[in-house]
Amino acid sequence: MVSLPEEIFQETYGKVKKLIVTKKLVPGQLITEHRLSHTLRINDDTVPVVLQQLKQESLLVGNLDNGLSVRELCEQETVEMFDCRIALETMAVKLFTRNAPQSKIDDLRSLLVPFESGPKNGYVFYKIDRYFHEYIVKNCGNRTLYQMYKSAKILSFMDLVGLNRSLNVILQEHLDLVSAMHHRDEKKAIEVVSLNLENAKKSHI
């Protein structure tokens, strides 16, 4: 495999990931290296390296020789993955609310401040939503839980399904969650994140 400068890799990786998240690359649609290079106007060795990385992350299936495609999720897979998210993230929220220093709760609040007048860019808000959820799990104080979260490839699942609801509603749920955490109200925090994820699940089935 060709070794690429990190900056070049990340730029192309970001472009292809955006095509997946925004459904410009439709699940099941054949993706060839040549076609993608033409679409992105890239004439170097970046595309095959990026495609291989996305395959490792379970976003793509197939192989480089015969073509890859964005992984398709059946309804059962979607339900099961959301159920796993609910189980892991409600526990993470409980632990985070109980144990996280105030500075980490403030970090979550700061993430949402730029969107308080209403999210304008769906993809930008999606990236913040993804980071928001991972940040809670990563900083909940239970390293094993975070390893389970990563090994289940939940972040890749989030990339595949995207956000399918009103961004303003999602934003309000996140603000309510941060408020509950700020007041160290574990019961309320669990209730809010459960509602957020249940609503997300319903929007995809």
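Helices (H or I, at least four residues) and strands (E, at least two) are DSSP runs, numbered from the N terminus. The model is predicted: local features need pLDDT of at least 70, side-chain atom pairs count only at pLDDT 80 or more, and totals for chains, interfaces and linings use all residues. Residues are numbered from 1 along each chain as its sequence is written, and side-chain values use heavy atoms, with hydrogens and water left out.

Just after helix 3, Ser-58 takes a positive phi of about 70 degrees. Helix 3 spans residues 46-56. Its buried residues (under 20% relative accessible area; exposed is over 50%, partly exposed in between; 1.4 Å probe, protein chains only) are Thr-46, Val-47, Pro-48, Val-49, Val-50, Leu-51 and Leu-54. Their cover includes helix 1 (6-21), helix 2 (33-40), strand 2 and strand 3.

Strand 3 (residues 67-70) has two neighbouring strands to consider. Two strands pair if DSSP finds at least two bridges between them. Strand 1 (residues 30-31) pairs with strand 3 in the antiparallel sense over two bridges. Here Leu-30 stands opposite Ser-69. Strand 2 (residues 60-63) also pairs with strand 3 in the antiparallel sense, over four bridges. Asn-63 stands opposite Gly-67. Three residues separate strand 2 from strand 3 in a hairpin. Within strand 3, Gly-67 and Ser-69 point one way, and Leu-68 and Val-70 the other. All four are buried. In a regular strand the side chains alternate between the two faces of the sheet.

His-174 lies in helix 9 (residues 167-182). This histidine is buried, with a relative accessible area of 2%. Beyond its neighbours within four places in sequence, His-174 is in contact (heavy atoms within 4.5 Å) with Leu-112, Asp-129, Phe-132, His-133 and Asn-196.
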